[in-house]
Amino acid sequence: MPAIADRPGGGANARGRGTAGMGTAGMGTVGRGRRDPCDTVAADCAVAEGPAGATGCIGMCQGMRPGSPGRQPPRGAGHGAGPVGGPGRGANRMAHSHGAWFAARGRPRGWFRGRTGDTSQGMTAYHRPTTLPEALRLLAEAPAPPRILAGGTDLYPARAAGEAWMRPDDRPLLDLSALPDLAAIEDRGDHHRIGALVTWAALRDAPLPPWFAALRQAAAQVGGAQVQNRATLLGNLCNASPAADGVPPLLALDAVVEMAGPRGPRRLPLAQFILGNRRTALAADEIATAILVPKAPGAVARFEKLGARAYLVISIVMVAAVIEAEAGRIARARIAIGACSPVAQRLPALEAALAGLPLAAAAGAARPEHLAALSPIDDVRATAAYRRQAALVLLRRALSTPLAAPAEARAA
Ligand SMILES: Cc1cc2nc3c(=O)[nH]c(=O)nc-3n(C[C@H](O)[C@H](O)[C@H](O)COP(=O)(O)OP(=O)(O)OC[C@H]3O[C@@H](n4cnc5c(N)ncnc54)[C@H](O)[C@@H]3O)c2cc1C
């Protein structure tokens with residue numbers, strides 16, 4: 001039976017700022033006047049400095065361990081004062097102290113030599129490019145395959161867990177948070193483009209059409225407000241957890257992942273992008289730059305998530321449904337289920353069975369045999385049998401609720 005692994009370290013070390021969202025459509029920035037939480041821990045906080053001199057303090061600093069190596073920067077430089085927007089305004093001291101310290105000491109740009117950089121101070125090499133070509137160049141030139149850093153809410157807990165198990169991950173870090181072109185949600189005619197730095201909070205608050213309802217409902221339930229403010233949708237996809245809440249809604253929307261690399265840009269349907277548990281089709285020298293969502297005029301959507309509690313919980317099962325109807329009958333149904341197989345799955349047999357049915361009959365049409373392709377596991381959160389039963393219940397719930405609200409779709 002395929003394994004559904006836990007999100008590594010889920011629930012640990014993700015004390016992001018509670019207020020620094022990206023604003024509507026992912027375009028906002030952190031206010032200059034806002035009191036930075038790092039003010040309270042300034043003595044234990046370094047400064048992020050990008051190659052262009054952008055500085056900014058980092059929300060996750062509050063989760064840092066005291067006594068990390070490295071000297072402290074001058075007070076006042078960068079704490080909430082830099083022109084840095086986006087979810088990542090840096091990462092934690094283990095990372096951003098590199099850009100600050102070595103840049104300040106006049107070291108050359110580029111990766112520091114050695115397996116993972118200059119480890120003389122026990123630090124991980126770190127870069128925060130300000131353009132995509134620069135990011136790709138750094139990726140290509142890195143002495144060891146770097147870890148790409150977006151919001152850090154999967155990456156840092158995983159690193160912390162690795163350290164706890166004596167398997168430290170000291171690969172270089174390539175921080176995307178200063179790439180402004182990746183922080184927007186754009187209407188591109190026949191599709192929407194969601195940049196790689198768009199956070200769950202930006203998505204949750206964006207004025208998007210009704211077919212995004214499932215994705216926005218997922219956004220409102222991911223982690224808690226702090227995680228939503230920092231974590232990105234694309235980071236969720238690249239992490240490729242079987243329980244990633246972003247995957248079912250985007251599978252049901254036929255989303256496509258856009259990537260950039262030395263061989264040029266390319267696109268892959270999400271269903272082909274995620275290859276398995278923690279595996280994607282992204283090459284080592286590529287960066288995922290956006291998610292493209294085709295428009296679905298008239299469609300309504302719904303997301304249902306089952307967890308042990310309302311927030312800060314890994315999903316036991318989640319269901320996403322996108323339904324298009326004409327004259328009271330289903331014209332097209334797209335249904336996906338997550339956390340019941342190594343990768344979330346569409347349910348083609350159910351989708352076919354729903355086509356042509358009256359809207360009111362949709363929920364009753366979902367049968368146990370439609371879930372035959374799922375392969376749920378027993379784990380600490382639920383048994384496989386419970387997951388299968390819960391999936392059917394959530395499925396019926398998803399198929400009844402959105403169909404009762406066609407007015408929202410007509411307004412689109
Ligand atoms: C307390 C807590 C609660 C959580 N709750 C939930 C939850 O309810 N549901 C859920 O689905 N997840 C949850 N998560 C997991 C996490 O918040 C999400 O998966 C989040 O969307 C990851 O985004 P990020 O920007 O933080 O990714 P990061 O941690 O920065 O990156 C994640 C992975 O993707 C890679 N990556 C990121 N961006 C790119 C890119 N553009 N190109 C290539 N590779 C990239 C990184 O290298 C890394 O391997 C939770 C995490 C925590 C700590």
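This is a predicted model: local features need pLDDT of at least 70, side-chain atom pairs count only at pLDDT 80 or more; totals for chains, interfaces and linings use all residues.
Leucine 237 touches Ala244, Gly246, Val247, Val257, Leu270, Phe273 and Ile274, when residues up to four places away in sequence are left out of the count. In soluble globular proteins, nonpolar side chains tend to be buried together.

The protein chain holds 13 helices and 16 strands, and of its 412 residues 52% count as buried. Among the contacts between residues at least 6 apart in sequence, 73% join residues at least 24 apart.

One of the residues touched by leucine 237 is Val257, and valine 257 belongs to one of the faces of strand β8. How many of the residues of β8 are buried? The count is 5 of the 5, so β8 is largely enclosed by the rest of the structure. Both of its faces are covered, with Val256, Glu258 and Ala260 buried on one side and Val257 and Met259 buried on the other. In a regular strand the side chains alternate between the two faces of the sheet.

Strand β8 (residues 256-260) pairs with strand β12 (residues 287-294) in the antiparallel sense over 5 bridges; within this pairing, valine 257 stands opposite isoleucine 291, and alanine 260 has isoleucine 287 as its bridge partner. Strand β8 is also joined to β9 by 4 bridges, again with the strands running antiparallel, and here glutamate 258 has arginine 267 of β9 as its bridge partner. The hairpin of β8 and β9 has 5 residues between the strands, and glycine 264 in this hairpin takes a positive phi near 100 degrees.

These pairings belong to an open sheet of 5 strands in the order β6-β7-β12-β8-β9, in which the pairing is antiparallel. Strands β6 (185-187) and β9 (266-269) stand at the edges with a single partner strand each, so one side of each is left without a neighbour in the sheet. Neighbouring strands of this sheet are turned by 25 degrees against each other on average, direction ignored.

Strand β15 (residues 329-338) is mostly covered, 7 of its 10 residues being buried. On the way to strand β16 (residues 345-346), β15 pairs in the antiparallel sense over 2 bridges, and alanine 336 stands opposite arginine 346.

The hairpins named in this report compare as follows.

| Hairpin | Residues between the strands | Residue with positive phi |
|---|---|---|
| β8 and β9 | 5 residues | glycine 264, near 100 degrees |
| β14 and β15 | 2 residues | alanine 327, about 50 degrees |
| β15 and β16 | 6 residues | alanine 339, about 70 degrees |

Leucine 251 touches Leu270, Ala271, Ala336, Ala344 and Arg346, not counting residues up to four places away in sequence. Leucine 251 and alanine 271 are 20 residues apart in sequence and 6.6 Å apart in space, C-alpha to C-alpha. Why does leucine 251 count as buried? It has 24 C-beta neighbours inside 10 Å, and the cut-off for a buried residue is 20 or more.

A separate open sheet has 3 strands in the order β3-β5-β4, with parallel pairing. Its edge strands are β3 (126-127) and β4, each of which pairs on one side only. Strand β4 is joined by 3 bridges to strand β5 (residues 173-175), the two running parallel, and isoleucine 148 has leucine 174 of β5 as its bridge partner.

Strand β4 (147-149) is also among the elements that cover the buried residues of helix α3. In α3 (residues 155-164), these buried residues are Leu155, Tyr156, Ala158, Arg159 and Ala160. Just after α3, methionine 166 takes a positive phi of about 60 degrees.

Conventions. Residues are numbered from 1 along each chain as its sequence is written. A residue is buried if 20 or more other C-beta atoms lie within 10 Å of its own, exposed if 12 or fewer, and partly exposed in between; C-beta atoms are placed from the backbone. Two residues are in contact if their C-beta atoms, placed from the backbone, lie within 7 Å. Two strands pair if DSSP finds at least two bridges between them. Axes are lines fitted to C-alpha atoms, for helices over the stretch in contact, and angles run from 0 to 180 degrees between N-to-C directions.
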